[in-house]
Amino acid sequence: MIHRTKVRVASAALLLAFVAIAGSASAAAPVQVSVNVRANEPGPVINPNVYGQFAEHLGAGIYEGVWVGEKSSIANTNGYRNDVIKALKDLHVPVVRWPGGCFADEYHWRDGVGERSKRPVKVNTHWGGVAETNEFGTHEFMTFAEMIGTKVYISGNVGSGSPQEMADWMEYMTSNTVSTLANERRKNGREQPWEVQFFGIGNETWGCGGNMTPEYYANLFRQYATYVKAPRGHRPKIVASGGNDAGTDWVSVLTTNVHRDMDAISHHYYTTPTGVWAKKGNSTGFPEQEWISTLQHTMLIDGYIANNVKILDQNDSQGKVALYVDEWGTWYDPEPGREPGFLYQQNTLRDALVAGLNFNIFHRHAKRVQMTNIAQMVNVLQAMILTDGAKMALTPTYHVFQMYIPFQGAIFLPTDVTTPEYKLGKYTVESVNVSAARDTEGHIVLALVNLDPNREAVVSTAVTDAAVKSAVGRVLTAKAMDARNTVDAPEAVKPAPISAKKDGGKWVLRLPPKSVAVLRFQ
Ligand code: AHR
């Protein structure tokens, strides 16, 4: 095992001695944590695509969130809102998955090409039953991807589509010939073919994508994937629709006989405070019990990934098939007064910690987990950005994504961590969670999450690099567990500088309660 965490529980005697010294068992007493970065035992590269996004035709995720149209009074460039484009460029988004989600399996690409005013208006049956104007289609998405400088992950329609429809879409997007479809693309304004780096064969085919069994889908995957063609050297990585939560049967069935076309299998896991789908919990104003339960629930993904990776290692010992966690994040009850089908929710410091914990887990599984896509990019579920008319706020989750940029393409480094526990009621988690890597410039980076909302952590880190002169970075924290940014107070939660001091050969950092920090040693 390359990551070892020792949870140290203070004995009653020690605790009494501490109380005597401190005068009272103050909730503010710091916990002591030690970290050893095993810099000489490099692991796999953390694929930058681990920091991917997901944008679905859902609520204000696309319409308003990204696309407002050229005639909008909201500042835009050719219909794309300027504030959101800039924020996403600053985030170094490696890949965006589109157009769904559940929407993908009812999306017919032809509805979204050609003159905008003539495109058919459909009903978005999954998400609020609202009119889908198809104003934002293939050209609009591909242009958006070019504007923010990201790769694309197209989700194809298996549930209500056909192999022919899927094949045509690929030809339309990628053909460099004079075929009728390629010429139609040219007529619609795009001379050069686009590069499609990733293509998904359906989404959640166990549910909204067709209610299939893994066995039935495994055959459909082979059939559909056969016709997803692209010019030589431009074939996208093909992603099979997999399972969710604790499930392993999809990976198991899909890899009993690995098909040559399968590059990855998707897996989905959403975090709720209660773990009960019918009453998930609120995004704000929650008790401390829902703080800790959310953090404990989100960390379940570690075991879910490990169990699926075990099967992959057995059935695909060559390591050909990756695991893409192409939907993850928090999912709360709908906010009062909002359309439940739009999945709009506030985003707080708790979500920031959820993001940090998931990244630390994804890093540990970097060998197989080569892409993840948080759900979702703007205005939906655990969003990076929330908009309200012409105004926009960057969420605490956005800031964590930005703080973790040095981990994109970095080399994973194992750590030994000794940390106390943070407990409340039936929940127990480690106080501090850690991930380390060597970034693309050769510096060690260390991410630290203090899960305890009441106690500072004094973290002593041993780094073997003798040349290290400083350890500086940024920390995200706030007074309240549900601290958040709104369009009227967009800077309530934002990163601040932090540094560790050298003390007796260790780097000592005072990590505030309920915080995420990323340090760079150089
Ligand atoms: O992200 C919201 C929805 O959650 C997606 O459309 C679907 O794939 C999942 O169930």
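**Figure 1. Q376 is placed in the loop between strands β14 (369-375) and β15 (385-388).** Helices (H or I, at least four residues) and strands (E, at least two) are DSSP runs, numbered from the N terminus. The model is a predicted one, in which local features need pLDDT of at least 70 and side-chain atom pairs count only at pLDDT 80 or more, whereas totals for chains, interfaces and linings use all residues. Residues are numbered from 1 along each chain as its sequence is written, and side-chain values use heavy atoms, with hydrogens and water left out. The peptide bond joining A375 and Q376 is cis, with omega at about -5 degrees. L381 is located in the loop between β14 and β15. The phi of L381 is near 50 degrees, a positive value in a residue other than glycine. L381 counts as buried, at 1% relative accessibility; the term buried means under 20% relative accessible area, exposed means over 50%, and partly exposed lies in between (1.4 Å probe, protein chains only). Most residues other than glycine have a negative phi, and most peptide bonds are trans.

**Figure 2. A cis peptide bond leads from W98 to P99.** Omega of this bond is near 5 degrees. P99 is found in the loop between β6 (95-98) and β7 (122-124). W98 also belongs to an aromatic cluster, together with W67, Y80, F103, Y107, F136, F141, F144, W169 and F199.

Figure 3. Leaving aside residues up to four places away in sequence, E204 touches C102, G209, G210, S241, H268 and E327, where a contact means heavy atoms within 4.5 Å. E204 and C102 are separated by 102 residues in sequence, yet their C-alpha atoms are 7.3 Å apart in space.

**Figure 4. Aromatic rings pair across the structure, with 30 pairs found in the whole search.** The rings of Y80 and F136 have centres 6.5 Å apart and planes at 75 degrees, so this pair is edge-to-face. Rings of Phe, Tyr and Trp (its six-membered ring) pair if their centres lie within 6.5 Å; planes under 30 degrees apart count as stacked, over 60 as edge-to-face and the rest as tilted. The pair links distant parts of the chain, 56 residues apart: Y80 is in strand β5 (residues 80-81), and F136 is in the loop between β8 (130-132) and α3 (138-148). Y80 and F136 are both buried. For F198 and Y324, the ring centres lie 6.0 Å apart and the planes meet at 75 degrees, so this pair is edge-to-face. F198 is in strand β10 (residues 198-201) and Y324 in strand β13 (residues 322-330), so the pair ties together parts that are 126 residues apart in sequence. Both F198 and Y324 are buried.

**Figure 5. Helix α8 (residues 288-298) is mostly covered.** Eight of its eleven residues are buried, namely E290, W291, I292, S293, T294, L295, H297 and T298. The elements that cover these buried residues include the helices α9 (300-315) and α10 (349-364), as well as the strands β12 (264-271), β13, β19 (421-424) and β20 (427-430).

**Figure 6. Helix α5 (residues 180-187) buries L181, A182, E184, R185 and R186.** These buried residues of α5 pack against α3 and α4 (163-174). Just after α5, G189 takes a positive phi of about 110 degrees.

**Figure 7. The whole chain comprises eleven helices and 27 strands.** Along its principal axes, the C-alpha trace spans about 80 × 55 × 45 Å. Buried residues make up 57% of the 522 residues. Of the contacts with a separation of 6 or more, 76% are between residues 24 or more positions apart.
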